Amino acid sequence: KTIGRYEVIKTLGKGAMGVVYKARDPLLDRVVAVKTIMSPQQQGRRVRSAFLERFQREAKAAAKMSHPAIVTIFDVGVDEDSGAPFMVLEYLPGESLADRLDRVRLPLARCVQIGLDLASALSFAHRQRIVHRDVKPANVLHAGDNRWKLADFGIARMPDSDLTQVGIFMGTPGYSPPEAIKEGRYTPQADVFAWGAVMYELMSGRIPYEGPDTKTTNGYVVQGNAPAPTRHDPSIPEPLATVAMTALQPSDKTRFKDASEAEAALREAWDRCLMQGIVHPAVLAMD
């Protein structure tokens, strides 16, 4: 099977927005990841045509991003046989951060470094006026040599775009903020909230909001009553716990104003912990 010119090797995973394949680019003779995107098949030719036009415009904008902590987008297109839009991405054979956290707790210094890298990646994307919309450990991939990269800008959206359908919840329960749940509103501060949830999980080993189903979990998020991560692990330094809880504020008016502010706050908190002797510099083993 081929998608565009890309020869499918195997299926890597399926999600709400599409399917990801390991594939080979015969033109450049390299292995890539190809992600197909679901499109509104049943809503008429005009709606579908507008969707495809917006998808290609926004995907091309995302493809212009070049950052060491963001998975590179090589190409976008529409498969002639199936009519499915697709993105061609850098292939990373390593596991996701979600898989890693299922197996082991990471050293605190490693958690902070991952948090700084992700905040830097989001800050860069936001300067290009692109919002990720689905930041979570499953979308952070191991790139080797202690490096992790933010993936899946497949549902990324420019702030003034209407690529996704109004009224449909597109994020992941527990990582999407109240304004996304109630209003479908995704701004850079929605990514800040999700980043805070990832930092909380990295440090404590627990998700800040978790219920038996999507409705219950979203209800907890809207109520905004997540316990401090120190409730789960008292050894977490208070300055770092405060950074995570600030990013998780229910109101976007009381969160960090953007990812760069979150990055600066985390760096300052870590430096304070080191200076006060709360934590000690650690030699980090290779991933």
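Me: How many aromatic pairs does the count come to?
Reply: Two. Rings of Phe, Tyr and Trp (its six-membered ring) pair if their centres lie within 6.5 Å; planes under 30 degrees apart count as stacked, over 60 as edge-to-face, the rest as tilted. This is a predicted model: local features need pLDDT of at least 70, side-chain atom pairs count only at pLDDT 80 or more, and totals for chains, interfaces and linings use all residues. Residues are numbered from 1 along each chain as its sequence is written, and side-chain values use heavy atoms, with hydrogens and water left out.

Me: Tyr 6 and Phe 86: what geometry?
Reply: Their centres are 6.2 Å apart and their planes at 75°, so the pair is edge-to-face. Tyr 6 is in strand S2 and Phe 86 in strand S6, 80 residues apart. Strands are DSSP runs (E, at least two residues), as are helices (H or I, at least four), numbered from the N terminus.

Me: Is Tyr 6 buried or exposed?
Reply: Buried, at 3% relative accessibility. Phe 86 is buried too, at 4%. Buried means under 20% relative accessible area, exposed over 50%, partly exposed in between (1.4 Å probe, protein chains only).

Me: And Phe 193 with Tyr 209, what kind of pair?
Reply: Stacked, with 6.5 Å centre to centre and 10° between the planes. Both Phe 193 and Tyr 209 are buried.

Me: New topic. Which ring does the charged end of Arg 30 sit over?
Reply: Phe 74, 3.8 Å from the ring centre. The rule: NZ of Lys or CZ of Arg within 6 Å of the ring centre and within 35 degrees of the ring normal. Arg 133 lies over the face of Tyr 186, at 3.9 Å.
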